[in-house]
Structures are given as C-alpha cells and as structure tokens.
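Subject: Structure handover and findings

Hello,

Here is the structure you are taking over. My notes on what turned up in it follow below.

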Amino acid sequence: MPNHLSIPFKKTYSCPIPIATRDYIQNHTEDHPDAYIRDINQWKSLRDIGTGGVLHSDRINFALNYHAQLVFILAKLPSDINLEFSYAHAFASSPSSLPVTLRSITFERASVLFNIAALYSQLAASEDRSSQDGLKRASSYYQNAAGVFAFLSTSALPKLGPLVDSENTPSDLTENIVKSLEWLMLAQAQECVWQRAVTDHYKNSLIAKLAAKVSSLYNTSLLSIRLASADSCDALPTSWIPHLETKQYHFNAASQFRKSIDELEASRYGDEIQRLMMAEADAKKGFNIAKRAGVAQAVLNDVKSLLDVVQKNLTRAERDNDLIYHQNVPAPSSIPVIQEVSMVQSIIPPGLRDPKTAIGNDNIIFGEMLGWGAREAINIYNDNKGNLLQEKIVEPAQNLNDEADKKLQSLNLPSSLEALERPVGLPPSLLRKAEEIRLEQGPTKIDVYLDDVQRLSRHVLGILDEAMDILDSEASEDEAARRETLMNRPPSHEANQELVMKQQRYRTILIQAAESDELVRRKWEEWEDQIIELTRDEDELEALVPSSTVSMTGKAVSTSQTQIHARTLRGLLESLDDIRRTRDDLVVRAQRRAESDDIRLKVLTAAASLEHGIEMSAVMFEDVSDNELAKYDKFIQGLTEGRKKQEEILSSIKSTNDAFIQSRKQDPAVKDREQALQFLDLAYSHYREIIRNLDEGLKFYNDMAGILTNFKEACKIWSSARSREARLLHRNMASLSIRDNASDESHEVPVPTVLPLRKGTRKQTAGIPTLSSADWEAQELAPPPAKHTDKTAKHR
C-alpha cells in the first residue's frame, strides 16, 4: 500500500451539449445554429475524452486541450446557457451519492481543472519511487498537480463563486480545500526530493532542512482543511486528516533525527540528546495517530521504523554521555530551529497559462462567433439608447408640448383670438384637427384599441395564473411524495417562496394597469360624443359654432387697443408654434439617428484589441458605449434651450392676453363662440391623450406577456427539477430500504427505523436551480404608464 495520497477524479455524467447549445444560439444570437454544427460536435467529442477518469499520461494533453477550448467558449458564450453539468464529489464514499448539477460552463471548467490535477497526482503516485528516475518523475507530477490546483484557485474559483449560492457550492471546489490539496501535492513532491537526498547520502544537515520543509508543507495543508467548512471536512475520507498529521509529526521527527547526527559529528552531545528526545516525542505522536486512526499500513510502518531508530540512538547517546562526555542536555527552547529548504514549487502547465498552445492546430470552438460580452454590450447600448431617447428626448418634448397646450387652454387660446379674428366660419387650425380625426377614423380606432387592451390584459393575467397552477401542482406532488418517503429538503411552500413573491409583484403591477385602463375607458365615455362631433363634415361642424360680429361703434380706443393686443398675441402664438415645430423636428432627427445607429462595428473593433481568448464582459465596452451615447447630447441640449424660450414666450402670452381681455368688447356672442371653439379644441386634446394612453397600454401588455411567459417557463423548469429530485430521493430511499431488509434478514434482527439525516449534513441537489441564483431573474417591468384624468370642466 502506498504511503502517499492521490486525488480521485470527479466522476461526470453525459449532458445534452448539442440541444442546449443550438437552443441558445437560436434564441440569443443573430447567428443560425447550423453554422456551428462542427463546433458543437467538436465540443461534445472533446468532452468525452477531456473530463478525466482514465489514468494515462496521454490524457493530459486531451484534458489541457479541452480546458483551453472551454476558456475560448466562455469568451463567446455566457456561463449559463441552460446546459446542466453533473459531477460527483471527488471523495464520494458511495457510487450512489447525489452528484452536484449546475447550469454553468464555469463549473465544468473548474471540474476539468480539478481532474487534471487529480490525473497528475495519480500519475505521481503510480511511479516507482524506489528508483531515482521514478522519484524525479513523481516529484515533477506532484508539482504540476500543485500548479493546476493553484491555477484553479486563482483563475476558475473566483468566477465560479458568484454564480453558485453557498448551498450548492461543491465542497471539493471550495477555496480552502483546493489550497489544502495544493499544499499536499507540494509536500509529497518535497518528500520525493527528501527521499532522493537520503538515497544519494547527502549531508545530514541538508536532509534535516529538506525534512523540516516536508513537515511544514503537510502542516500547511492541515491548516487549510481546518479553515474549511464542516461540510467540506466531513466530505473527506476519514483517514485523510490523520494521514496528514502522521506525516507532519513523522518528518518533524526525521528532521530532528538527521540534525542530531549532525550534532554528534560536531561533538555537541547534549544537543544531540535533546534533538533525539524531540524526535522521539514527535515520532510517538505520529505513531499513535496512525495506529489509532487506521491510516495506510505503509505510513504506519514508516513512522514505526523511524521511532525504533530514534529510540535506539537515544539510548546509545544517553549511555555515551553518562559514561564519557558528561555534557548538559539543553532545554528544547534553547535548541536552534532547523532552517527549512524548499526544492519544489507549484508548476502551472504551459497549456493553462496560454490556452492557445494547448489547442495547437485545432480549430477554436465558436472562433467566428461574436463574444457574448460584446453581444451583451451591444444589447445594453441599444437598451440605454432607447431609454435615453425616450426619457431624455421624446418624453420631455411631449411634456413641453403638453405644458404649452394646458397653458393656452387655461387662457382660452387660441379660441378667443380666433373668435375675434374670424367672426364667422371655422379657424383653419380646428379644421386641420377635425380632418386628422376623420382620416384616422378616431372613434372606431379608440374602440378597437380598448378591446385590444382588454383582451391583452386577460391574456397576461391568464399566463400568470398558469404559472401559479404549475407551482400548485408541484406542491401537491411534493405533499404526496412526503406521505410516502422521508425527504430532507424544504417543502414547496418554503422552496418556492421567491417565485411566489415575484408573482405577487407581477400581479400588483397588473392590478395597477387595470385601474389605469379603467380611467382611460371613463375618459373616453366622457368625451366620446364631443370627439364624434369632430368627425362631422365642415358644414355640420360649422353649424355647431355660433358666429359673432365685433361692434365697431362706441369705444374706438378700446377697439384699437384690442386689435393691437390681438396682433401681438397672434405673433407670440406663431413664435410658440415655431418652437414646437423645431422641437418636433429635433425629436424626429433623434429618432432617425437612433434607428440608423449601429454600435456593432465599434464594439467588434474594441473586442479585437483585447487579448485573444479572454472572457469578455459588457463592462469592458462601457467607454465605447459612453462615447456613442454622447452623440445625443446635442438633442438634449436643444430641448433645454427650447424650454427656456418657451417659458419666456408663455410668460409674454399671459401678460398680453390679460391686456387683450381687458381691452376687448364684452360681446355675449363672441363669448359663446369662444367657448364653442375652446370646447372642440379640448375634445381634440383629449382624443390625442386617449390614443397616446392606449398605445402605451398596448406596448405595456405586449412587454408583460413576454416577461410572464419567461416567468412561466422558469416555474416549469423549477417544478420539473423538483420532481426529478423527488423521484431520485425516492429511488435512493427504496434502494436503501432493500439493502437494509436484506441485511436484517441475514442477521435476523428487527428492521430499524429510518432516522432523518443528522443536522449539519450537507444536502446536495441534483439538477435543481436555486431560487437565489440569477436563473429566475426576469427583466423587471416598470410600473404601468399612469393615465392622468383631465379635470377640465366640460362646457356645452
């Protein structure tokens, strides 16, 4: 039996690479999956031979090649493409132990690295260390294994951590366990160097320093394990920690023993005795631990052999000192510490440092695909561009137009001015508005929109109800399964709590949207008749508006002043129209710029300048995005300048209108005409507002339908995973029951009661996404657009 530890492989299982990859390319990229058939098949083939499980030196290159391809794949695809990878714990005590299943290519990469290190360690352990060449190869393999573990710790684990919650983190891929394995590999590599030094009869002082470093490395490995969580420690074999403790004491004793020989040769007999006493104490501790804990027989024999030699030399040294030398034996604290000498280091294979060298002349998988980070940067830019256009340009422009309209309506403009200027007939502005509603078939259009909004509202609510039906069905299955099998997992009402809370948020949004829809419907019912009147022919519409004449007798000064104020007011209104037209033109130009704006080429250029194979993220392209969004600053600045001009003109309009009202003749016929024109103008304003509200409602429900469909699919995936887990637990319990029954029958003892798992035992899940992960995150929808009720009184 060997006196070294080797790392077992993490056993893996098949996964549907072609299906998941094709689905992701189809649904999340602009490419067609058929363009990557060769890449997908190459990925599947490489995985079959690159994930470990076979002890042969030729497999190193296959594994390094597969890892390198995973690095390049992660530069093109996100870690989660809905592809599940399953790996058993490396130190699983039973073949039936539940594997850890994660939808993460990063998890696949970390596991592949672990298995590369395990392969190096097994190759080292399989070497014949009775020869110098065997010791050299073993030491080299161990240092490579340590290098892979170091690379795993610094390169892969930091990227895996944010993707996996603490409950589902594989305990053999935690930071402390991986570091412990790295130190263990270095300790065994240093032990090979020590063994070569002993065989080649190096000086005892140097052998002592080499042994001291071996002991130190074993101790560092132990400390890392003790810093790990209880679950991680429990997953290790029971003899693992005693093996490290025995080795630590063994080589500390060996170091003191070799140094004692050096003290003897220097005639420091008292120091020799003290070092032998220290060596004996450590050797006894190591022997007791090995004997009590049942470590490998070879390890027990090694420490027992050392103990015998130390005790024999201690007896001889004490006798010689008592009879001949009579030197004082110093206290242990006064003995100089043995300086450690390290001859090993963590050697990272070149294929890990530079993945391209591991691939050689092979094609890089998905080499022609745009990286997901760059693709995400383009999507984020387009989203930011759309938000900026809507929130900084379109909506502010509409708000400015609305502010101007409300201000003019409060001043009864331009109706009062048009009533004076055109005592008979209809103003051209009103004729244009009426023609617009007739051409759009306004009332029919509103009725159709209202029906569409109501239909979509029922549709999205139905999707949400279907999602809850899925969760309810899973809860019923869980209750039924619990009546048949003892399950160490949370019940459904606890496990699905986050999904239920998200459903409640969605339902609240839909309720608010329904309330807004009702406000729009009431507004339509309130103004329907007046809007329909605007669809009449010009003659019929003119008959609705009373004519008026301006009396020119009497106060000529007053009439003259009225005309002056009217001309000034008309000029101000035309200036306001110019500002509005300029603003509308600015919005149109911004929208056209956004439609033709394509950042793809600039992102591709930036991506090409990055290191080849680096795992890209959207953050790397923020500078490009910011520079491109700056193109819209001039439109925002134009709106700001237009706002200032509009405020000045509206202020002038108000003061001029006050003077106009004071100076004009108070003719009842004029006032009636003003009110009629104003009322028709209000009807048009409400028509545009209702149409705008309904357009927003249709967009809202269409967006919500997509989000709730994704939410429903997430519920379906989660429920299916829970069902699979329940079936697996049921089969395991049934298998355990059969084995227990068979054992009971052979011993003829009563069947014991199955006890629940002890508290603190880590529960591993098979294929079930966790609710705290990003898998369940859907795009959050903003609250539905508010539909404001216009409280302007109607005048008939």
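Both Tyr218 and Phe251 are buried, where buried means under 20% relative accessible area, exposed means over 50% and partly exposed lies in between, with a 1.4 Å probe and protein chains only. This is a predicted model, in which local features need pLDDT of at least 70 and side-chain atom pairs count only at pLDDT 80 or more, while totals for chains, interfaces and linings use all residues. Residues are numbered from 1 along each chain as its sequence is written, and side-chain values use heavy atoms, with hydrogens and water left out.

Aromatic pairs

The whole structure holds 12 aromatic pairs. Rings of Phe, Tyr and Trp (its six-membered ring) pair if their centres lie within 6.5 Å; planes under 30 degrees apart count as stacked, over 60 as edge-to-face and the rest as tilted. Phe91 and Trp240 make an edge-to-face pair, with 5.1 Å centre to centre and 70° between the planes. Phe91 is in the loop between β1 (85-87) and β2 (100-102) and Trp240 is in helix α9 (residues 240-265), so the pair ties together parts that are 149 residues apart in sequence. Helices (H or I, at least four residues) and strands (E, at least two) are DSSP runs, numbered from the N terminus. Phe91 counts as buried at 8% relative accessibility, and Trp240 counts as buried at 5%.

Tyr218 and Phe251 form a stacked pair, at 6.3 Å centre to centre with 20° between the planes. This pair links distant parts of the chain, with Tyr218 in helix α7 (residues 204-227) and Phe251 in helix α9, 33 residues apart. Ring pairs also link Tyr36, Trp43 and Phe366 into a cluster.

Lys10 lies over the face of Phe114, at 5.9 Å from the ring centre. For a charge to sit over a ring, NZ of Lys or CZ of Arg must be within 6 Å of the ring centre and within 35 degrees of the ring normal.

Nonpolar cores

A nonpolar core is a set of buried Ala, Val, Leu, Ile, Met, Phe, Trp, Tyr and Cys residues joined through side-chain atoms within 4.5 Å. The largest one has 111 residues, and Ile7, Trp43, Phe149, Leu152, Trp240 and Phe366 touch the most other members. A second, separate core has 47 residues, including Leu456 and Phe700.

Which residues does Phe149 touch, not counting residues up to four places away in sequence? They are Ile7, Phe114, Ala117, Val178, Leu181, Glu182 and Met185, with contact meaning heavy atoms within 4.5 Å. His67, in helix α3 (residues 59-76), is buried with a relative accessible area of 0%.

Salt bridges

A search of the whole structure finds 39 salt bridges, each being a side-chain nitrogen of Lys or Arg within 4 Å of a carboxyl oxygen of Asp or Glu. Arg47 forms one with Glu108, and their closest N and O atoms are 2.7 Å apart. Arg47 belongs to helix α2 (residues 37-50) and Glu108 to helix α4 (residues 105-125), 61 residues apart. Arg47 and Glu108 are buried.

Lys304 and Asp308 meet at 2.8 Å, N to O, and both lie in helix α11 (residues 297-325), four residues apart. Lys304 is partly exposed at 32% relative accessibility, and Asp308 is partly exposed at 36%. In helix α21 (residues 556-596), Asp578 and Arg581 are three residues apart, about one turn of the helix. Their closest N and O atoms are 2.2 Å apart. An α-helix has 3.6 residues a turn, so residues three or four places apart point the same way.

Backbone

Most residues other than glycine have a negative phi. Phe366 has a positive phi of about 60°; this residue is in the loop between α13 (355-359) and α14 (372-410) and is buried at 0% relative accessibility. His326 has a phi near 55°, lies in the loop between α11 and α12 (350-353), and counts as exposed at 56%.

Regards
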